[in-house]
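Visitor: I would like to learn how to read disulfides in a structure. Could you take me through them slowly?

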Amino acid sequence: QALRSETQQVLKVFDCAAMSSIDAKKKEWAACLAKGAPSRCEKIEKDLRGASKAAGVDACVDETLALMKCTAGSNRANGCSKAFLSMRECNRAGGKQLMAE
């Protein structure tokens with residue numbers, strides 16, 4: 001029982017550290033993207049993808065890039081509702097509630 005409790009505590013600390021690392025990478029990536037040149041952010045993006053995959057969480061990288069691509073391109077005249085909805089769902093605190101068909 002004591003070993004199990006200790007193991008759970010270690011896992012909680014690891015989870016917190018992993019999430020903190022992912023949050024830091026996500027902020028760094030967002031700051032880089034805000035400068036307007038996504039191609040310059042590829043290393044940070046790769047690190048973020050790796051960290052989020054290892055932790056088993058979705059950092060919404062694909063959704064972010066799709067929304068940026070839509071709003072920067074000629075498709076924005078038609079609206080970017082699909083990309084926006086995907087981004088919103090990905091960032092939902094409780095996880096995605098709507099799934100693409």
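Guide: A disulfide is a covalent bond between the sulfur atoms of two cysteines. Here a pair of cysteine sulfur atoms counts as a disulfide when they lie within 2.5 Å, and the structure holds three disulfides. This is a predicted model, in which local features need pLDDT of at least 70 and side-chain atom pairs count only at pLDDT 80 or more, while totals for chains, interfaces and linings use all residues. Residues are numbered from 1 along each chain as its sequence is written, and side-chain values use heavy atoms, with hydrogens and water left out.

Visitor: Which residue is joined to Cys32?

Guide: Cys32 is joined to Cys41, with an S to S distance of 2.0 Å. The torsion about their S-S bond is about -95 degrees, so this disulfide is left-handed.

Visitor: Are Cys32 and Cys41 buried or exposed?

Guide: Buried means under 20% relative accessible area, exposed over 50%, and partly exposed in between, using a 1.4 Å probe and protein chains only. Both Cys32 and Cys41 are buried.

Visitor: Where does the disulfide of Cys70 and Cys80 lie?

Guide: Cys70 is joined to Cys80, with Cys70 in helix α3 and Cys80 in the loop between α3 and α4.

Notes: Helices (H or I, at least four residues) and strands (E, at least two) are DSSP runs, numbered from the N terminus.
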